[in-house]
Each structure stands twice: as structure tokens, then as C-alpha cells.
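Here are some notes for a colleague opening this structure for the first time.

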Amino acid sequence: MIRIVLADDHPVVRSGLRALLDSISGLTVVAEAADGHAAVREAVTHKPDVLVMDIQMPRLNGIEATRQIARAAPDVAVLMLTMYEDDDSVFSAMRAGARGYLLKGAQQDEIARAIHAVAAGQAIFGPGVARRVLGFFAAPPTVQDPFPELTGREREILDLIAAGRPNGEIARHLVIAPKTVANHISSIFTKLQVADRAEAIIRARDAGLGRP
């Protein structure tokens, strides 16, 4: 029996997934989580074989939750099930420790096959995601981006911070809400393990960011 935890902030999605997975012989859902912090807690508490994780969730996103689970409960296999198929999301999730990546809309047998695969220690991707991964490795090598643990948007914001831009100016430049900028900056500080803005600027400038 493969024991599963579901992490998604939409109750209807969780309910549908639970009904689907509980109907498949050999699979059982042991817990649910509505945000990233709860996902980490349930992973540590229940030690499931597989944790099916969405990316966009409140309080802590699925990628950072996956990173924490990889440290706190490394035997739990994380399978991303999300609507995001951009390169940043895919590769950030894999770097964080996810073993699989499917897009919402995948068929029942595809989800079940992916769960069995990651529980067995394999890596698995949905068809569209697999093409991206193969294309990435088939492409010529490029210069490594600084801070690979950051998403593209986070690197963009860090670059603007290093250039001396205040939050309000960053928000206007990127056409996003100031609160969104603040959330990204908090995530940047956590991932880079820096205490404040000044330390982040030093790290960023040492890596070549913040230049005209």
C-alpha cells in the first residue's frame, strides 16, 4: 500500500484527488494540507511514501516546502502536480528535491503511474515537461546563472535590490504589487540565508548583479 499526502490550497482539488486515488487499489491518502507549512508538517508527522504537491500555495510555496521536506523527511517522494509548466518552475522544483512533475489535467492512469514511479525511487515527468527537460540537456552548455535556488523573478528582484532600488520602485518597474515584492524579498532572504537587505546586496554584487 502506497501512503499519500495531498498538498493543495483548493479544497475541491484535494477532494477530487482523494476520491480518485482512494479508488485505486494499492493507494491510500493518509492526510491533506492546504499550504506549504502544513505540507512539511504532514510529511514529518505521517512519513508518507509520496506527497503530491502544488506549487502555488499560501504561507509557503510548494517549491520551498519541497526543499524543507528534502531536509526534514528525505524518504518522502515529492510529486509536483501543478498548472505551471515554465522552465523556472520545473527546474526549481527538481533542484528542490521533487522526484516527479505532472501538469494538472493529467489522466488518472498517468497520475497513478507517476505515484508508483516516484515511490519506487524513479524520476518521472508529464509529456510536455519531459520535452522541456530533454531540451534543456540537449542544449549547448551555458554560463551558470548565479543563485540557482532562486526563481527567475526572484533573481530579477535581487538584481534590482543590488542596484539600490527601493521596494516601491521595484514594484512599479515590474508592474506588481508592493506586497508581492515584499513576499519575494522574504523568500530571497530565506533561500540565500541572509539576515537583511544589506547582506543580500553584498552577496548579489559579489555575483555580478546590480550593475547597469
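1. A word on pairing comes first, since the sheet is described through it: two strands pair if DSSP finds at least two bridges between them. With that in mind, and remembering that this is a predicted model, please look at strand β1 (residues 2–7), which is joined to β3 by four bridges, the two strands running parallel. Within this pair, valine 5 stands opposite leucine 51 of β3.

2. The sheet as a whole is an open one of six strands, and its order reads β2-β1-β3-β4-β5-β6, with parallel pairing. Its edges are formed by β2 (27–33) and β6 (124–125), each of which pairs on one side only.

3. Are the side chains of Val50, Leu51, Val52 and Met53 in β3 buried or exposed? They are all buried, with Val50 and Val52 on one side of the strand and Leu51 and Met53 on the other, so both faces of β3 are covered, where buried means under 20% relative accessible area.

4. Turning to helix packing, α2 (residues 36–46) and α3 (residues 62–72) pack at an angle of about 20 degrees, with their axes 9 Å apart. That angle makes α2 roughly parallel to α3, because angles under 35 degrees are counted in that way. The crossing of α2 past α3 is right-handed. On the α2 side the contact is made by Gly36, Ala39, Val40, Ala43 and Val44, and on the α3 side by Ala65, Gln68, Ile69 and Ala72. By class, the residues of this contact divide into seven nonpolar, two polar and no charged.

5. Helices α7 (residues 152–162) and α10 (residues 197–206) give another packing to inspect, with an angle of about 100 degrees and axes 9 Å apart. The angle makes α7 roughly perpendicular to α10, because values from 65 to 115 degrees fall in that class. Leu158, Ile161 and Ala162 of α7 meet Arg197, Ala200, Ile201, Ala204 and Arg205 of α10 in this contact, which has six nonpolar, no polar and two charged residues.

6. Two backbone positions deserve a check, because most residues other than glycine have a negative phi. Lysine 47 has a positive phi of about 45 degrees although it is not a glycine, and this residue is found in the loop between α2 and β3 (50–53). With a relative accessible area of 47%, lysine 47 is partly exposed.

7. The other position is valine 175, whose phi is near 55 degrees, a positive value in a residue other than glycine. Valine 175 lies in the loop between α8 (167–174) and α9 (178–192), and at 72% relative accessibility it counts as exposed, because the cut-off for that class is over 50%.

Terms used
Residues are numbered from 1 along each chain as its sequence is written. This is a predicted model: local features need pLDDT of at least 70, side-chain atom pairs count only at pLDDT 80 or more; totals for chains, interfaces and linings use all residues. Side-chain values use heavy atoms; hydrogens and water are left out. Axes are lines fitted to C-alpha atoms, for helices over the stretch in contact, and angles run from 0 to 180 degrees between N-to-C directions. Angles under 35 degrees count as roughly parallel, over 145 as roughly antiparallel, 65 to 115 as roughly perpendicular and the rest as oblique. A crossing is left-handed if the near helix is turned anticlockwise from the far one by less than a right angle, and right-handed if clockwise. Contact means heavy atoms within 4.5 Å. Ala, Val, Leu, Ile, Met, Phe, Trp, Tyr, Cys and Pro count as nonpolar, Asp, Glu, Lys and Arg as charged, and the others, Gly among them, as polar. Buried means under 20% relative accessible area, exposed over 50%, partly exposed in between (1.4 Å probe, protein chains only).
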